[in-house]
Amino acid sequence: AADVKIFDNTEIKATRKTYNELTEDQKVKISDDTLKKLEDVEGVLKDIQATYEISGTQGSLTWWFDEDTGLLMIEGKGEMKKSDYSNISWRSLNNKIKNVVIEDGITNIENEAFYNCSSLASITIPDSVMNIGYCAFENCSSLTSITIPNNVTSIDWAAFYNCSSLTSIAIPDSVTSIKYNTFSECSSLTSITIPDSITNIEKNSFRGCSLSYVEFEGNALNI
């Protein structure tokens, strides 16, 4: 795994999708050379994925983990499903995961998905994600910042509880409520902007933070 170079395979998937949407008449007009190049690139991708020593599935999703870099890649379409805490299939890697890349097409971050991932320093969340489950990032003490996509409409309770290194976070204006304990014990969080979409801030949402500046863009009606 040490020699594996991580790369974005978005172009490969876009090319495949475009090809699959062609009619049969259109497909025969594509040169054999072009098709061979596409097959070769896909083959390289499969070879690279095969070099990952640790991999698994989570519902309909597939994931790979590179121990040398601490990178967890999660791919697929639809929901990140589980039945309980123990059914997050990368749970045994919690203290090894440093970076997470979630592929576009995944629609949620499951409850407790990255709970106790104490070495997690960065995560890429695609625009396709619409909700973040409860305790999703609880105790991610190395996480300093996170970008929440504008399509996220729900952030459940204690989602970022005790992210003690988190210094900044932008709440998108698609979110309407800040739930119980969402940012509790984020002791490095010193400022935050509350968008005008927020109509409710539940108790203990910012307990244990070091907030010195809070900007309200609108009216939080129930605080």
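Biologist: Why is Phe 183 called buried?
Modeller: Its relative accessibility is 1%. Buried means under 20% relative accessible area, exposed means over 50%, and partly exposed lies in between (1.4 Å probe, protein chains only). At 1%, Phe 183 therefore counts as buried.

Biologist: What kind of model is this, and how is it numbered?
Modeller: It is a predicted model, in which local features need pLDDT of at least 70 and side-chain atom pairs count only at pLDDT 80 or more, while totals for chains, interfaces and linings use all residues. Residues are numbered from 1 along each chain as its sequence is written, and side-chain values use heavy atoms, with hydrogens and water left out.

Biologist: How many aromatic pairs does the structure hold?
Modeller: It holds 7. Phe 160 and Phe 183 form one of them, with 5.6 Å centre to centre and 5° between the planes.

Biologist: What makes that pair count, and what is its type?
Modeller: Rings of Phe, Tyr and Trp (its six-membered ring) pair if their centres lie within 6.5 Å; planes under 30 degrees apart are stacked, over 60 edge-to-face, the rest tilted. The centres of Phe 160 and Phe 183 are 5.6 Å apart and the planes 5° apart, so the pair is stacked.

Biologist: Where in the chain do the two partners sit?
Modeller: Phe 160 is in the loop between β9 (154-155) and β10 (168-170), and Phe 183 in the loop between β11 (177-178) and β12 (191-194). They are 23 residues apart, and the pair links distant parts of the chain. Strands (E, at least two residues) and helices (H or I, at least four) are DSSP runs, numbered from the N terminus.

Biologist: Why is the pair of Phe 183 and Phe 206 given its type?
Modeller: The ring centres are 5.4 Å apart and the planes at 10°, so this pair is stacked. Phe 206 is in the loop between β13 (200-201) and β14 (213-216), 23 residues from Phe 183.

Biologist: Which residues form the aromatic cluster?
Modeller: Trp 63, Trp 90, Phe 114, Phe 137, Phe 160, Phe 183 and Phe 206 form one cluster.

Biologist: Which residues touch the most other members of the largest nonpolar core?
Modeller: Ile 74, Trp 90, Ile 109, Phe 114, Phe 137, Phe 160 and Phe 183 do, in a core of 47 residues. Such a core is a set of buried Ala, Val, Leu, Ile, Met, Phe, Trp, Tyr and Cys residues joined through side-chain atoms within 4.5 Å. The elements that give two or more residues are β2 (61-66), β3, β4 and β12. β2 gives the most, with 3.

Biologist: What does Phe 160 contact beyond four places in sequence?
Modeller: Its partners include Phe 137, Ile 146, Ile 169, Phe 183 and Cys 186. Contact means heavy atoms within 4.5 Å.

Biologist: What makes the approach of Ser 142 to Ser 118 a polar contact?
Modeller: A polar contact is a pair of N or O atoms within 3.5 Å; within protein, one must be able to donate a hydrogen and the other to accept it, and residues adjacent in sequence count only if both atoms are side-chain atoms. The side chain of Ser 142 reaches the backbone oxygen of Ser 118 at 2.6 Å.

Biologist: Is Ser 142 buried, exposed or partly exposed, and why?
Modeller: Its relative accessible area is 29%, so Ser 142 is partly exposed. It lies in the loop between β7 (131-132) and β8 (145-147).

Biologist: What does the side chain of Asn 94 reach?
Modeller: One of its polar atoms lies 2.8 Å from the backbone oxygen of Tyr 115. Asn 94 has 9% relative accessibility, so it counts as buried.

Biologist: What makes the phi of Asn 181 worth a look?
Modeller: Most residues other than glycine have a negative phi. Phi of Asn 181 is near 65°, a positive value in a residue other than glycine. Glu 185 also has a positive phi, about 65°, and is not a glycine.
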